[in-house]
Amino acid sequence: MAPAEFITSPRNPLLKEVARAAARGTLTEESGLCLAEGLHLLDEALGSGLAVPVVLCARSVSDVILRRVAGLKRLRLAVAPDAWFEKLATTETTQGVMALVKPPVWSFDNIFRGRPLVVVLDGIQEPGNAGAIVRAAEAFGATGAIFLKGTTGAWHPKTLRASAGSLFRLPVMNGADPETVLAAFAQRRVKMYAAVAHGGLPAHEADLMRPCAFVIGSEGRGVSAQMAEVCAPIRIATSGVESLNASIAAAVLLYEAASQRRLGKK
């Protein structure tokens with residue numbers, strides 16, 4: 001690793017690149033890197049074997065970060081004054097470090113490996129919900145997640161943070177075209193379920209042993225008409241509440257599928 005680089009101008013190109021990624025919630029334009037903020041995500045990225053070409057930290061924690069990344073090859077450590085770093089941070093309480101990470105690239109073959117269990121995010125706008133869904137998907141043995149067009153970005157800094165690093169490991173497709181996704185499911189004969197608040201088959205009665213997917217819509221709009229048309233409605237039995245938060249609903253459905261598969265029966 002090259003010696004730490006101390007940033008001396010607020011117009012430094014790296015600061016501008018990080019600011020754009022944080023504001024837009026997308027990959028940085030030229031490099032195709034995502035912004036991962038905090039020590040946990042830095043460790044998750046490195047532990048997942050991903051390329052981390054740049055680490056930016058605040059001056060006050062530079063000694064700690066330098067020891068953490070010492071020995072890593074092809075890594076640029078940039079140190080900025082605390083005040084400049086805080087203006088870039090996307091969290092209220094910053095840990096003083098963020099990394100630019102090369103995200104993994106996955107295909108349908110990765111997502112549909114083995115006995116597929118897939119979660120499809122359909123129009124979910126809140127990055128925190130989206131990230132929590134991906135985290136639950138990894139926790140309950142899903143084979144992948146698909147972010148349809150119109151859904152918040154998989155590589156939004158807040159989505160990545162809410163996933164707690166699961167986005168670095170679980171096969172994910174971002175900004176996928178609905179027609180292409182439907183064709184892929186049909187070709188592989190994967191049963192698609194649309195999560196609904198009312199009506200539909202209770203989750204515990206569905207056969208989730210077979211290759212299947214859960215389509216999770218936004219809390220305000222629900223599953224889109226295009227997806228609902230080809231999906232079987234499925235619901236979670238609740239008492240005293242009309243509906244569940246999208247990420248909680250996804251977690252419950254994924255847990256039910258994992259339970260059935262672990263027991264080997266419906």
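Start at Ser163, which lies in helix α7 (residues 157-163); helices here (H or I, at least four residues) and strands (E, at least two) are DSSP runs, numbered from the N terminus. Before going on, a word on ground rules: this is a predicted model, where local features need pLDDT of at least 70 and side-chain atom pairs count only at pLDDT 80 or more, while totals for chains, interfaces and linings use all residues. Residues are numbered from 1 along each chain as its sequence is written, and side-chain values use heavy atoms, with hydrogens and water left out.

Is Ser163 buried or exposed? Ser163 counts as buried because its relative accessibility is 0%; buried means under 20% relative accessible area, exposed over 50%, and partly exposed in between (1.4 Å probe, protein chains only). Beyond the neighbours within four places in sequence, Ser163 is in contact with Gly131, Val134 and Arg135, contact meaning heavy atoms within 4.5 Å. Its side chain also reaches the backbone nitrogen of Leu167.

Thr151 sits in the loop between β7 and α7. With a relative accessible area of 13%, Thr151 is buried too. Not counting residues up to four places away in sequence, Thr151 touches Leu121, Asp122, Gly123, Ile124 and Gln125.

The polar contacts picked out in this report are listed below. A polar contact is a pair of N or O atoms within 3.5 Å; within protein, one must be able to donate a hydrogen and the other to accept it, and residues adjacent in sequence count only if both atoms are side-chain atoms.

| Side chain | Backbone atom | Distance |
|---|---|---|
| Ser163 | nitrogen of Leu167 | 3.4 Å |
| Thr151 | oxygen of Leu121 | 3.0 Å |
| Glu126 | nitrogen of Gly128 | within 3.0 Å |

**The parallel sheet and its helices**

Now for the sheet: 7 strands make an open sheet with parallel pairing, in the order β8-β7-β6-β11-β9-β12-β10. Its edge strands are β8 (172-176) and β10 (201-202), each pairing on one side only. Two strands count as paired if DSSP finds at least two bridges between them. Strand β6 (residues 117-122) pairs with strand β11 (residues 212-217) in the parallel sense over 6 bridges, and Asp122 has Gly217 in β11 as its bridge partner.

Helices lie across these strands. Helix α10 (residues 246-263) lies across β6, β9, β11 and β12 (232-235), at about 170° to β11. For these angles, axes are lines fitted to C-alpha atoms, for helices over the stretch in contact, and angles run from 0 to 180 degrees between N-to-C directions.

Then there's α6 (residues 127-139), with 13 residues and a reach of 18 Å from its first C-alpha to its last, close to the 18 Å expected at 1.5 Å a residue; the expected span is 1.5 Å times one less than the number of residues. Its start has the Glu126 contact with Gly128 from the table, and the helix is followed by Gly141, whose phi is positive, near 80°. The buried residues of α6 are Pro127, Asn129, Ala130, Gly131, Ile133, Val134, Ala136 and Ala137. What covers them includes β6, β7, α7, β11 and α10.

**Strand β5 and the cores**

How many residues of β5 are buried? That would be 5 of its 5. In a regular strand the side chains alternate between the two faces of the sheet. Here Val97, Ala99 and Val101 are on one side, with Met98 and Leu100 on the other, and all are buried. Strand β2 (residues 34-37) runs antiparallel to β5, joined by 4 bridges, and Leu35 stands opposite Leu100. Strand β3 (residues 54-58) is likewise antiparallel to β5 with 4 bridges; there Leu56 has Met98 as its bridge partner.

Ser107 counts as partly exposed because its relative accessibility is 30%.

Finally, the largest nonpolar core has 52 residues, of which Val55, Val101, Phe168, Phe214 and Ile216 touch the most other members. A nonpolar core is a set of buried Ala, Val, Leu, Ile, Met, Phe, Trp, Tyr and Cys residues joined through side-chain atoms within 4.5 Å. The largest share of this core, 7 residues, comes from α10. A second, separate core of 21 residues includes Val118, Ala176, Val190 and Ala194.
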